[in-house]
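Me: I would like to go through this model with you and ask, term by term, what each description rests on.

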Amino acid sequence: MSKEMITYKVLWVDDDWSIVQPYQLIAEDYGLELIHRDNWEEAQTYLNDNFDEISAIILDANCKISKYNLEKETFIPSVLPSMLQLFGKKQRMISWYLLSAGTMSHFDFIIQSAQPHHQKEWGNMLYLKDLEDENPQSSAKLFKTIQRVVKDRAFNTVLFKHKDVFKYIGEDKLIDNRARQYLLRMLSSLYYPEENIKFQFEGNPLRKVLEYLFRAANKKGLLPDECLDGGDNINLLESNKFMSGLNTRYSKLRYGNPGKDINGKTTENGRGGDSIFPEHIGYMSQAIIQYTSADSHTKENDPYTIDSDNKEMFFGFVLQLCHIIKYFGEFVEKHPNIKENKKMIRKVDEPTKESQPTYKQPIPSVKRKEPTKDELTGTKQTVLNGDRFKYCGYCKLSPEIAKTVLISQSITIKALEDNTGEDRKKYPYIVTEISTD
């Protein structure tokens, strides 16, 4: 199979593995990966959990409903209603075909009800095993038909467009398969909005994919366990800072040459010359974290819907996320040794007592004078990180406004209100209205 060929997953339900096994290599020639299940109950569970991954379904004409139900004659009449019900639930059809070892004339009435609707797109739906390849009902013709049909599907088109990204995401790959499903749906909604009118997710999908990327970094020894907050929760901000070679809450930890540029000169921001993320990648991932911060506490079972006013920004971040994944995957390919990666997480040398500046007289502490709302209104500020400002330490942006601005963007404060949150001592005011310069 060519390296440029996309692999499409085909769910094959047949209770005889010895029949399916010889077709594995043949299917590969057509860019198809056969996912075998020997009964419909297990196949249905897999299909429900991996629906967006499956491009076609092959059903044996006489198979088992469940592991313990050996009644084969009623297999097709029992399977089709539940399969079609699942299609309705997922609001998408998957092409399906019958492959039998004997005559299937008695299944004609089943196929006739479906084929008129799908014959143009799906082609012949009845095939026989052990026929010569030239026969129009042979398994070879079946694989060729499936190959033609799945190439036209939105998800498969997305896989082809971004094959250099998806080679790093999926089962037994660098980044978890759940991230693949989120990214696949986001890109499909970008390229084919007419097929994804009701675009919803569980939680914020951008944030979730980034979390899975950082988990992969941790497993590859590129991200310290401290960035998991001592448990299984990813701290996105600290993880991104660490991988970008910036000072973190765990400021003694670095990857590579701490605080030095490629010439060995000490840097002001602590960025190392051998950081995992270069500066532009770090800014991209930081912007995604900032954009999704308002939805960081979205519950797993709550729907996440894209605001139509922000869809251009959302999909812009989706494409940036693809670039981040591709860069990260290529970095791991160049740094595959987990033990060596962990050795690169070093401690920054703590300043010695002799290196500390000394003063003949103690420096007096200056009490901060809190400005009034009127004094802050009309001032220009620069967004530094999340909802904070570069120069103003007395107020922060409201979550709604924070979603609409970018890092380093210049704004003018138009209106403020008192902050009643836990951080009110540090930021007594919240900006509720701005104008952009």
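Predicted model: local features only at pLDDT ≥ 70, side-chain atom pairs only at ≥ 80, totals over all residues.

Me: How many helices and strands does the protein chain have, and what share of its residues counts as buried?
Reply: The protein chain has 16 helices and 14 strands, where helices (H or I, at least four residues) and strands (E, at least two) are DSSP runs numbered from the N terminus. Of its 437 residues, 46% count as buried, a word that means under 20% relative accessible area, with exposed meaning over 50% and partly exposed in between (1.4 Å probe, protein chains only).

Me: What makes a set of residues a nonpolar core?
Reply: A nonpolar core is a set of buried Ala, Val, Leu, Ile, Met, Phe, Trp, Tyr and Cys residues joined through side-chain atoms within 4.5 Å. The largest one here has 50 residues, of which Ile175, Leu183, Ile325 and Phe328 touch the most other members. The elements giving two or more residues to this core include helix H9 (177-191), helix H10 (205-219), helix H12 (279-292) and helix H13 (311-334), and H13 gives the most, with 11 residues.

Me: Which residues does Leu183 touch?
Reply: Leaving out residues up to four places away in sequence, Leu183 touches Val165, Phe166, Ile169, Val209, Val318, Leu321, Cys322 and Ile325, and contact here means heavy atoms within 4.5 Å. A second, separate core has 44 residues, Phe75, Phe87, Leu99 and Leu126 among them.

Me: Why is H12 called oblique to H13?
Reply: Two packed helices are described by the angle between their axes and the distance between the axes. The axes of H12 and H13 come within 10 Å and cross at roughly 140°; these axes are lines fitted to C-alpha atoms, for helices over the stretch in contact, and the angles run from 0 to 180 degrees between N-to-C directions. Angles under 35 degrees count as roughly parallel, over 145 as roughly antiparallel, 65 to 115 as roughly perpendicular and the rest as oblique, so H12 is oblique to H13.

Me: Which classes of residue make up the contact of H12 with H13?
Reply: The contact has 11 nonpolar, four polar and no charged residues, with Ala, Val, Leu, Ile, Met, Phe, Trp, Tyr, Cys and Pro counted as nonpolar, Asp, Glu, Lys and Arg as charged, and the others, Gly among them, as polar.

Me: What makes H10 and H13 roughly parallel?
Reply: The axes of H10 and H13 come within 10 Å and cross at roughly 10°, and H10 and H13 are therefore roughly parallel to each other. Their contact includes Leu206, Val209 and Leu213 of H10 and Phe317, Leu321 and Ile325 of H13, and its residues divide into 14 nonpolar, no polar and no charged.

Me: Why are H3 and H4 described as roughly parallel to each other?
Reply: Helix H3 (residues 40-49) and H4 pack at an angle of about 10°, with their axes 11 Å apart, and are therefore roughly parallel to each other. By class, this contact has six nonpolar, three polar and two charged residues.

Me: How do you know whether Ser82 is buried or exposed?
Reply: Ser82 lies in helix H4 and has 17% relative accessibility, so Ser82 counts as buried. Not counting residues up to four places away in sequence, Ser82 touches Trp40 and Gln44; the C-alpha atoms of Ser82 and Gln44 are separated by 8.5 Å, although the two are 38 residues apart along the chain.

Me: Why does Asn62 count as partly exposed?
Reply: Asn62 is found in the loop between strand S3 (54-60) and helix H4 (75-90), and its 31% relative accessibility is why Asn62 counts as partly exposed.

Me: What makes Phe389 count as buried?
Reply: Phe389, in strand S11 (residues 388-389), has 6% relative accessibility and therefore counts as buried. Among the residues that Phe389 touches, not counting those up to four places away in sequence, are Val383, Leu397, Ile411 and Val431.

Methods:
Residues numbered from 1 in each chain as written. Heavy atoms only, no water.
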